[in-house]
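Colleague: I would like to go through this model with you, feature by feature. Please give me the general idea each time before we turn to the case at hand.

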Amino acid sequence: MSALVRAPAQPADVVTLWLDSHQESTRRSYASDLRDFAQWAGADSPAAAAGALLACSHGQANAWALAYRGAQVDRGLAPAPVARRLAALRTLVALARRVGLVTWSLDVQAPRIMPLRDTRGPSPGVVKAMVTTGSPRDRAACRLLADLALRVSEVA
């Protein structure tokens, strides 16, 4: 019979368990995200920030996460890193809930990611028109770009 594993009783234990449950690249990203959260919260360490978050009530934790999201947006961060930082906090709280440290979950959604501009390039009809109506030099450049799939810097 195997020995019972001690359940994480402290937020620092949950942070260690949480980070250990992810792959190395995710672990590095989430550790960085938790350090950023700790700095924003004015905590001495990431474990202290996690402890403060987990000590809150459901409403207080969500209000804190909303304020953190707003601070990230105000800093000018793009929606994707803000979303990842919030995902880190949500997964930390989810693990704490799974091991019985809290009974609630974070409900704060990530900011909407705005679609990028269209980068597909000209349509085949436009390329054909450029090849037939431009100067010989322009036609040659268009043919190199379209026929050989070269980049602009390679043609230049």
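This is a predicted model: local features need pLDDT of at least 70, side-chain atom pairs count only at pLDDT 80 or more; totals for chains, interfaces and linings use all residues.

Colleague: Is Gln72 buried or exposed, and what is Gln72 in contact with, leaving aside neighbours within four places in sequence?

Modeller: Buried means under 20% relative accessible area, exposed over 50%, and partly exposed in between, with a 1.4 Å probe and protein chains only; contact means heavy atoms within 4.5 Å. Gln72, which lies in helix α4, has a relative accessible area of 0% and is therefore buried. Beyond those sequence neighbours, Gln72 is in contact with Asp36, Leu77, Val82 and Arg85.

Colleague: How many aromatic pairs are there?

Modeller: Rings of Phe, Tyr and Trp (its six-membered ring) pair if their centres lie within 6.5 Å; planes under 30 degrees apart count as stacked, over 60 as edge-to-face and the rest as tilted. By this rule the count comes to six. The ring centres of Trp40 and Trp64 are 6.2 Å apart and their planes stand at 45 degrees, so this pair is tilted. The pair links distant parts of the chain, since Trp40 is in helix α2 and Trp64 in helix α4, 24 residues apart. Trp40, at 30% relative accessible area, is partly exposed, and Trp64 counts as partly exposed at 22%. Phe37, Trp40, Trp64 and Tyr68 form one aromatic cluster.

Colleague: Which residues line the largest pocket?

Modeller: On a 1 Å grid over the protein atoms alone, a pocket is an open set of points where a 1.4 Å probe fits, with protein on both sides within 12 Å along at least five of seven lines, and lining residues have an atom within 4 Å of a point. Here the lining consists of Arg137, Asp138, Ala141, Leu145, Val152, Val155 and Ala156, and α7 gives the most to it, with four residues.

Note on methods
Residues are numbered from 1 along each chain as its sequence is written. Side-chain values use heavy atoms; hydrogens and water are left out. Helices (H or I, at least four residues) and strands (E, at least two) are DSSP runs, numbered from the N terminus.
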